[in-house]
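Start with the picture, then read on.

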Amino acid sequence: MDIPYTVELRPDTGLYNAKVGIWLFLASEVMLFGALFSAYILLRVGAPEGYWPHGWLNVPLGTANTLVLITSSITTVLAWVSLKANQFGRFKLFHAITLLCALVFVGIKSFEYHDKFVHYEFTLKNGKFADGHMVENKLKQDGNSFTGYAVIRGHVVEDERELYDLNAHKAPAHEDIRIDGAQIAKMGNYGPWHNTYTAIYFTLTGLHALHVIGGAIVIGFLWGPGSKLWETDPERFTNRIEISGLFWHFVDLIWIFLFPVLYLL
Amino acid sequence: MTHMEATHAIPHPGVHEAHHEGSGFWRGYVFSTDHKVIGLQYGFTALCFLLFGFFLMLMMRWQIGHPGQPVPIMGPVLEKVLGQVASRGIMSPDLYNSFGAMHGTIMVFMAIVPLAFAAFGNYLVPLMIGAPDMAFPRVNMASYQAYVLGGLIMFTSFFIPGGAAQAGWTSYSPLATSIPTNGQTFWIVGMVLLITSSLLGAVNVIATIIQLRAPGMTWMRLPFFVWAQFVTAFLLLLAFPPLEAAALMQLMDKVAHTSFFLPTGLAIGGTLANVSGGGSPLLWQHLFWFLAHPEVYVLILPAMGIVAEIIANNTRKSIWGYKSLVYSILTLGFLSFIVWAHHMYLTGMGTRISTFFQTTTMIISIPSVVILTCLFMSLWGGSIRFNTPMLFVMAFLPMFGIGGLTGLPLGFSYSDLHLHDTYYVIAHFHYIVAPGTIFALFAGIYYWFPKITGRTMDEFWGRVHFWLSLVFMNLIFQPMFAQGMAGMLRRMSDGGANYSAATLGPDVSGGLSSRILHLNIFILWAAVGLGIAQVPFILNFFWSIKHGKPAGSDNPWQATTLEWQTPTPPPHGNFATPPQVYRGPYEYSVPGHDRDFTPQNEPEKA
Ligand code: HEM
Ligand SMILES: [Cu+2]
């Protein structure tokens, strides 16, 4: 006995097995991201007045990435439709665009990550805060004391909260500032450890990026070596494209939530 | 036996086996995609973990009974293998904490769930619904491999510097994050793999039940066991991901020094921790219990499924209230998602939230009681066959009853204030999981053994195993209710000796009476007794595989469900001819039929 309904539809459910499987899997993914979004809400609600960041992320870049993913969702559908219409060449073309979009997305995301890792905040001994991108780092740390110096392109503020709401406090023109080790009480870059916002930002977008990469690997496989199946069992191959497409749409959808939550609100 | 079975018993060797799998040890036993082989792999691995988890607890019980004294027999071994933490064969508090955390983790995630859900589910669900295999055989294999890998990581963590995780199976932050060893990191990575395994398994079981039911196998003709597995799979599918999210965040806290669960001003060992703060310890607890309450139903529902099958078969009559059972279990599954914070009454959530969770907790007791009542009522008027599986099942009913009833005082916040974190809670859930679920699992093993091996396990030694286990289980867990009500806290490496010796003030005498403390020694020997009681089982199990009494038929218990209407053991592809289902799962003693059971695939007479 072969396993039934691997390709043909089961009459009473109207589905083939893998389609049931992917929907169930996506349900679990909803719960996974749902839990992280809940964590976001709880951390944000629990943050002290004025200490939840606004405007820390680059909205034009985020918008660009949103458009890139939407495009890739469209080409994913078109790739599947092409197979349904028996046009293998067009399938190849459309999914090539999908893969290109995935690459662009990950590229832009890495650039944004890098920008956060070279962005530093210094708590100075005089109670002020210096903030900006590292230009030259000649600091040496020994326990809690620093020697040497650093040059950052940024500004100095009196109240740390000015660094948090960048929408309300438009930062003054950035200039190169030299900071001596002796002035520094504490320093750190905007990595995940910076505060709970960067923590949830890196975790959510990092997990999402892993999904993008995983999806791209699967689609890439089906586009390249896996596409041989088209010659022997076109129906099954079309189903695989549909399944991987459903996953891809889900990954896009997550981003549609991530973008406003992290970039705009 | 009857002619009916004979026609179904004709095996077609070769035809089915040759078809998908190459032969050979590796493809046949290690990298098999056959649901039955995977089920057995799960079962065997999980039983090993069950035994291992039990040994951890035995050593802890020694330490609780005789704090600071070298562990007999095992002490030198511990010292040799683990070094400093067990110097002179004495269990240090750190080691006690590791063993405690790992006992819980192993028992829940690596023993009971893999046995009850993955092993029994894998082996039986496709057979019971008349399917040739699971819907996704290769995913099935991957899920077993993820489980083994997760298990190996957990096991390895005992031997890294600092040892295994120490913060309990609940792994509350900030404690879990601030213990400076790497045990917790191993725990998290292991958990992520175990979660992945469960998710893959859950997808597979649900898809199989939805898609691969044989013609005629409508939803209301499914054996109750299949319903139980169906609901269990949904619980795993939807409850585990939040824990996975929590585990990822705890991993970030541990390795990337974020502060998801670390509050502002956190001091560790008297100094301010070097973290950004701003996180929420309660967030961890919410996410953890959002999984872990449904998880406790994952532990019990498959057991209920097994119990229903065995009761129907051995009372020779239909299950009482099949539909009530089905609707109750669906309700139970749904409600189990909205009771989680009854584990958190003492966190100061506020009375309104407490009231909400008290209410849902009381409501969820209703379907539990309906299920138990249906199972009890099924006994009424039956001509009961008291074989070993049935004995275990008969014990399950009152044991689960005790466990469930003692949950009610925990479900009210005002009585839970006193009982929380005491041995009363330990007794409560062990009554459900140990003489409850584990008894049902034993019953299942004795019951389906003839289908798997073609031989039956020895009745006499089965009974010895049963009676000794029943007695010792109760001797172990009954005293814990008393200890808990007297205020003895759980997770104390000296069993409360220090706490008891302390004077609390001029008018307040020491914490625990010596009677309560002495129970620790009593429990220790009861636990040793329980261990010895498992020897007949283990020997019987292995001996019967080769030398047990031949079952003599493909359907020795004269059962109605489809798994018995196959050759023994079922070949690859399961059924000689694709089955067609004509009737419900429990047509026993139907008036007018010439036998007292009518298999589901027996056509109506013209
Ligand atoms: C039938 C109704 C039940 C009620 C009302 C109930 C209620 C509770 C409550 C309120 C607690 C928390 C006690 C505390 O920490 O102070 C608890 C703990 C627990 N229950 Fe139940 N329970 C029920 C059934 C079950 C079932 C079916 C299981 C399945 C195995 C189970 C397993 C557990 C476990 C494992 C814990 C302890 C978790 C821990 O703190 O480590 N309970 N129960
Ligand atoms: Cu609970």
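A salt bridge is a side-chain nitrogen of Lys or Arg within 4 Å of a carboxyl oxygen of Asp or Glu. A:Asp12 and A:Arg10 form one, with their closest N and O atoms 2.6 Å apart. Keep in mind throughout that the model is predicted.

## Salt bridges

How many salt bridges does a search of the whole structure find over all chains? The count is 15.

| Pair | Closest N to O | Relative accessible area |
|---|---|---|
| A:Asp12 and A:Arg10 | 2.6 Å | A:Asp12 51%; A:Arg10 6% |
| A:Glu158 and A:Lys128 | 3.5 Å | A:Glu158 56%; A:Lys128 31% |

Take the pairs in turn. Exposed means over 50% relative accessible area, and buried means under 20%. A:Asp12 has 51%, so this residue is exposed.

Next comes the salt bridge of A:Glu158 with A:Lys128. A:Glu158 sits in the loop between strand S3 (145-157) and helix H4 (161-164) of chain A, while A:Lys128 sits in the loop between strand S1 (119-124) and strand S2 (129-142) of chain A, so the pair ties together parts that are 30 residues apart in sequence. A:Glu158 is exposed, at 56%. A:Lys128 is partly exposed, at 31%.

## Where the chains meet

Now turn to the interface. The size of an interface is often given as the accessible area lost when the parts come together. Chain B and chain A bury about 3100 Å² between them. Carbon and sulfur atoms account for 74% of that area. The contact takes 46 residues from chain B and 34 residues from chain A.

Which residues of chain B lose the most area to chain A? They are B:Pro132, B:Gln211 and B:Phe260. Together these residues make up 19% of what that side buries.

How many salt bridges does the count give between chain B and chain A? The count is 0. Polar contacts do cross the interface: the rule finds 5 residue pairs, with both residues at pLDDT 80 or more.

Several helices of chain B take part. Helix H2 (17-20), helix H9 (183-211), helix H10 (224-256) and helix H11 (281-315) each supply at least two residues of the side of chain B that touches chain A. H10(B) gives the most to that side, with 11 residues. By class, the side of chain B that touches chain A has 28 nonpolar, 15 polar and 3 charged residues.

## Two buried residues of chain A

A:Ile241 belongs to helix H7 (residues 234-264) of chain A. Its relative accessibility is 1%, so A:Ile241 counts as buried. What does A:Ile241 touch, not counting residues up to four places away in sequence? The residues are A:Trp80, A:Leu83, A:Phe91, A:His95 and A:Leu222. A:Ile241 and A:Ile219 are 22 residues apart in sequence, and their C-alpha atoms are 7.7 Å apart in space.

A:Thr75 is in helix H2 (residues 59-84) of chain A. At 5% relative accessibility, A:Thr75 is buried as well. Its side chain makes a polar contact with the side chain of A:Thr98, at 2.7 Å. A polar atom of the A:Thr75 side chain also lies 2.9 Å from the backbone oxygen of A:Ser72. Not counting residues up to four places away in sequence, A:Thr75 touches A:Phe94, A:Ile97 and A:Thr98.

## Cysteines

How many disulfides does a search of the whole structure find over all chains? The search finds 0. A:Cys101 is buried, at 9%. B:Cys48 is partly exposed, with a relative accessible area of 41%.

How values were computed. Residues are numbered from 1 along each chain as its sequence is written. Chains are lettered from A and ligands numbered from 1 in the order in which they are written. This is a predicted model: local features need pLDDT of at least 70, side-chain atom pairs count only at pLDDT 80 or more; totals for chains, interfaces and linings use all residues. Side-chain values use heavy atoms; hydrogens and water are left out. Contact means heavy atoms within 4.5 Å. Buried area is the accessible area (1.4 Å probe) that two parts lose on being put together, summed over both. A polar contact is a pair of N or O atoms within 3.5 Å; within protein, one must be able to donate a hydrogen and the other to accept it, and residues adjacent in sequence count only if both atoms are side-chain atoms. Helices (H or I, at least four residues) and strands (E, at least two) are DSSP runs, numbered from the N terminus. Ala, Val, Leu, Ile, Met, Phe, Trp, Tyr, Cys and Pro count as nonpolar, Asp, Glu, Lys and Arg as charged, and the others, Gly among them, as polar. A disulfide is a pair of cysteine sulfur atoms within 2.5 Å. Buried means under 20% relative accessible area, exposed over 50%, partly exposed in between (1.4 Å probe, protein chains only).
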